[in-house]
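Thanks, everyone. Please have a look at the model on the screen before I start.

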Amino acid sequence: MVPARPAPPKVLRRTRVRRSTLLGIGLVTLYLSVIVLIPLAAVAWHAAELGPAAIWRVVSSPDTRAALQLSLFSSLAVAAINAVVGTIIAWVLVRDTFPGKTMVNALIDLPFALPTIVAGLTLLALYGPKGAFGVNLAYTRAAVMLALLFVTLPFVVRSVQPVLMELEQDVEEAASALGAHGLTVFRRVVLPSLLPAIVSGAGLSFARAMGEFGSVVLISGNIPFKTQIAPVRIFALIESGDSAGAAALAVVLLLISFAVLLGLAFVQRWGRGGDEEA
Amino acid sequence: MRKRSKGPAAPISRGSGAGKYGLRTIALAYLALILVLPVGMVFYRTFENGLRPVLQALTDPMALHALYLTVVIAAIAVPLNTVFGVFCALLLVRRAFPGKRFLSVLVDVPFAVSPVVVGLSLVLVYGRTGWLGGWLAENGMRVIFAWPSMVLATIFVSLPFVVREVVPVLQEFGVEQDQAAHTLGATTWQTFWRITLPAIRGGVTYGVVLTTARALGEFGAVSIVSGKIAGQTSTLTVHVEERFQQFDLVGAYTSSLVLAVIALVIVLGMTLLRPKEAGS
């Protein structure tokens, strides 16, 4: 036969995996398995042993359902608030100048560095009984929101900031020179380019809020049907020795966060115009 | 926001006026209420009753042991995750293999798992009724309610940071200099130590700082697997909660203050490490 055209490079690349690469994949997989995958598999296994009907019974039992609902709604609200306020903060940090801006910029990362239990205690010190403003939010749903907003603050800011910095300002200037006023320029010119970053930051906020435990535990009072969120409910189930029930609810949480994580992987490709990986 | 009816001679309109100050006020007020005032309040509350009780709480043997255990756990978890992170990042950026994107997502999984679920998962593997529980008990080994499980939990939650920070730096660095070193006769090992590592040092350092912050601050996972035995398996974060539950507010605030100061140092260090993105 006549030698055909050379095979497309993609196929060529796929056939050649170096032996040292295989060894590397093996080591990385081993580490990930021991630390992450086997423990998570144990959770899935314990839940699977119960069977779907029993998982549904656990999840739809009144107190667990209430906890799951509260987690879902407050995490959605937190993601929405972060999308708006986070974008404003990023905007101010990039486009505005004022004394102490570098300091403010540095402080944005504090919620990532501050242990969550300390975050909870700090909020309790200000908004709890004997708080400075005379409001006592301790053991209310507002306190849950406050704690979740604290720990998720950096996500949207830190994902929007670099995009905003790279954005060419001449397009905006052209738009306003042509007579578009501030809000129109933002909505029609700036927002479309920021949207992938905002969605990705808000998605991370949502995932983090769904799983948050430490910052909520002190300030929420963990009252069933009122301020108990899903991770705290899991904690309560473990403490009461119902590890199967805990595993069932944990699997639901895991599925939600994996769905968000996968969705975000797509959003990131969309933001980059759909190429490259890793 | 009110309409601006200036002529086309004012193209820089977005930089001035009520809108700008409005946004600045919203941003700073939000940060003050959510972040700065609460953290400041802890400093105030800690020293509310003077210095004596604070010093007493600082030198409390339980608190000191908790601090010691926190540092030991971080000292094990951080180096392990650093070596893993650099190795994994090299693999993800420089090698071609099927399932690469899958591995990349897999590394991020710990970010998506609630600390409570991390704790539960370790109990289900190493606990009394867990997969390895029987075998461990027969051999007289204790993982749950002892430091090994606390180390495992800490490694779990802080695993992705180094990978995530090193991957983009490595992508930007490329492979040309490594190839040059290779051509000149350097071994793989020499190339790594002399060329690659110095080039990605910034990313590695940043990742290590984030890993350390997370390792020192982990609460949920550790509190579940530790059994919270005061003076034995209590880390500083667990100690904060324990003191709070015992109505020893000075003790809780003092330990919190120690952790908050560490966090502030870390945040300032991060700003120094990242000069080009400062945005000012």
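First, the ground rules. This is a predicted model, in which local features need pLDDT of at least 70, side-chain atom pairs count only at pLDDT 80 or more, and totals for chains, interfaces and linings use all residues. Residues are numbered from 1 along each chain as its sequence is written, while chains are lettered from A and ligands numbered from 1 in the order in which they are written.

Now the contact between the chains. Chain A puts in 85 residues, and chain B puts in 85 residues. Contact here has a cut-off: two C-beta atoms, placed from the backbone, within 7 Å. On the side of chain A that touches chain B, helix α2 (residues 19–50) of chain A gives the most, with 14 residues. Nonpolar covers Ala, Val, Leu, Ile, Met, Phe, Trp, Tyr, Cys and Pro; charged covers Asp, Glu, Lys and Arg; the others, Gly among them, are polar.

Helix α7 (residues 116–127) of chain A packs with helix α12 (residues 236–245) of chain B at an angle of about 35 degrees, axes 8 Å apart. Those axes are lines fitted to C-alpha atoms over the stretch in contact, and angles run from 0 to 180 degrees between N-to-C directions. From α7(A) come I117(A), V118(A) and L121(A); they meet T237(B), V240(B), E241(B) and F244(B) of α12(B). By class, that contact has 5 nonpolar, 1 polar and 1 charged.

Next, the core. The largest nonpolar core has 160 residues, and A147(A), I234(A), A250(A) and L120(B) touch the most other members. Such a core is a set of buried Ala, Val, Leu, Ile, Met, Phe, Trp, Tyr and Cys residues joined through C-beta atoms within 7 Å. Buried means 20 or more other C-beta atoms within 10 Å of the residue's own, exposed means 12 or fewer, and partly exposed is in between, with C-beta atoms placed from the backbone. What does I234(A) contact, leaving aside neighbours within four places in sequence? In chain A, A246(A), L249(A) and A250(A); in chain B, V116(B), V117(B) and L120(B).

Back to α2(A). The helix bends by about 60 degrees at S33(A), taken between axes fitted to the seven residues ending there and the seven starting there. Its buried residues are I35(A), V36(A), P39(A), L40(A), A42(A), V43(A), H46(A) and A47(A). Their cover includes α3 (52–60) and α13 (243–271) of chain A, along with α4 (100–112), α5 (115–126) and α7 (147–157) of chain B. Just past the helix, G51(A) has a positive phi of about 90 degrees.

Last, two residues. L204(A) sits in helix α10 (residues 182–211) of chain A. Buried or exposed? L204(A) is buried, because 23 C-beta neighbours lie inside 10 Å. Sequence neighbours within four places aside, L204(A) contacts F155(A) and L264(A). R201(B) belongs to helix α10 (residues 188–217) of chain B. R201(B) counts as exposed because it has 11 other C-beta atoms within 10 Å.

Terms used:
Helices (H or I, at least four residues) and strands (E, at least two) are DSSP runs, numbered from the N terminus.
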